[in-house]
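Dear colleague,

Please find the structure we discussed below.

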Amino acid sequence: HDLSEISRAHGMNVGQIEDAVKDAQKQMGKPVRYKDFQKMRKILDEAKAQVEKGNYKKALRAAKGFDAKGMKSLEAEAKAIETAGVGAGKKLLEEAKAALEGGDKKQASKILEELTREFSGTDIGKEAKTLLESTKE
């Protein structure tokens, strides 16, 4: 069909149809190969499984290495996984601080060692390392 036939059938002028097509293309983004989508889906599934197991370092690494290339549904899921991992890390950091304030250095050290290992290279890991070093003084 040419645009003039579509225009008559839908009561729109050619300019309106062209604008609607451009808007739809912007919303959809660039086409993605199914193979690329499946690869990213596999990465996200692995990251999600790692979060559920408490292996935040692996989950965050997978989510950060994720390249959605316009796969908006997967981008949102990757962000949710990253948020869950960081949220869990923050919660553990608060537990370690509470243990320190309560005088339980052994429990605090255990949590802080885990955070230092699982969140190395992140702000959570750096703060945990600093607190861990302070417990050894």
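The model is predicted, so to speak of local features a pLDDT of at least 70 is needed and side-chain atom pairs count only at pLDDT 80 or more, while totals for chains, interfaces and linings use all residues. Residues are numbered from 1 along each chain as its sequence is written, and side-chain values use heavy atoms, with hydrogens and water left out.

Overall fold

The protein chain has seven helices and zero strands, where helices (H or I, at least four residues) and strands (E, at least two) are DSSP runs numbered from the N terminus. Along the sequence the pattern is α-α-α-α-α-α-α. Of the 137 residues in the protein chain, 29% are buried; buried means under 20% relative accessible area, exposed over 50% and partly exposed in between, with a 1.4 Å probe and protein chains only. The accessible surface of the protein chain is about 9400 Å², and carbon and sulfur atoms hold 53% of that surface. These areas come from the Shrake-Rupley method with a 1.4 Å probe, and for residues only the protein chains shown count as cover. Among contacts (heavy atoms within 4.5 Å) between residues at least 6 apart in sequence, 50% join residues at least 24 apart.

Helix H5 spans residues 72-101 and helix H7 residues 123-135; their axes come within 10 Å and cross at roughly 15°. Axes here are lines fitted to C-alpha atoms, for helices over the stretch in contact, and angles run from 0 to 180 degrees between N-to-C directions. H5 and H7 are therefore roughly parallel to each other; angles under 35 degrees count as roughly parallel, over 145 as roughly antiparallel, 65 to 115 as roughly perpendicular and the rest as oblique. Their crossing is left-handed, that is, the near helix is turned anticlockwise from the far one by less than a right angle, clockwise being right-handed. From H5, Val86, Gly89, Lys90, Leu93, Lys97 and Leu100 meet Ile124, Glu127, Ala128, Leu131 and Thr135 of H7. The residues of this contact comprise six nonpolar, two polar and three charged. Ala, Val, Leu, Ile, Met, Phe, Trp, Tyr, Cys and Pro count as nonpolar, Asp, Glu, Lys and Arg as charged, and the others, Gly among them, as polar.

H5 and H6 pack at an angle of about 155°, their axes being 8 Å apart. This makes H5 roughly antiparallel to H6. The crossing of H5 and H6 is left-handed. Residues of H5 that meet H6 include Leu92, Ala96 and Ala99, and those of H6 include Ala108, Ile111 and Leu115. The contact of H5 with H6 holds nine nonpolar, two polar and three charged residues.

Helix H6 (residues 105-118) also packs on H7, with axes that come within 8 Å and cross at roughly 145°. H6 passes H7 in a left-handed crossing.

Tyr56

Tyr56 lies in helix H4 (residues 56-64) and is buried, with a relative accessible area of 13%. Leaving aside residues up to four places away in sequence, Tyr56 touches Val51, Gly85, Ala88, Leu92, Glu118 and Phe119.

With kind regards
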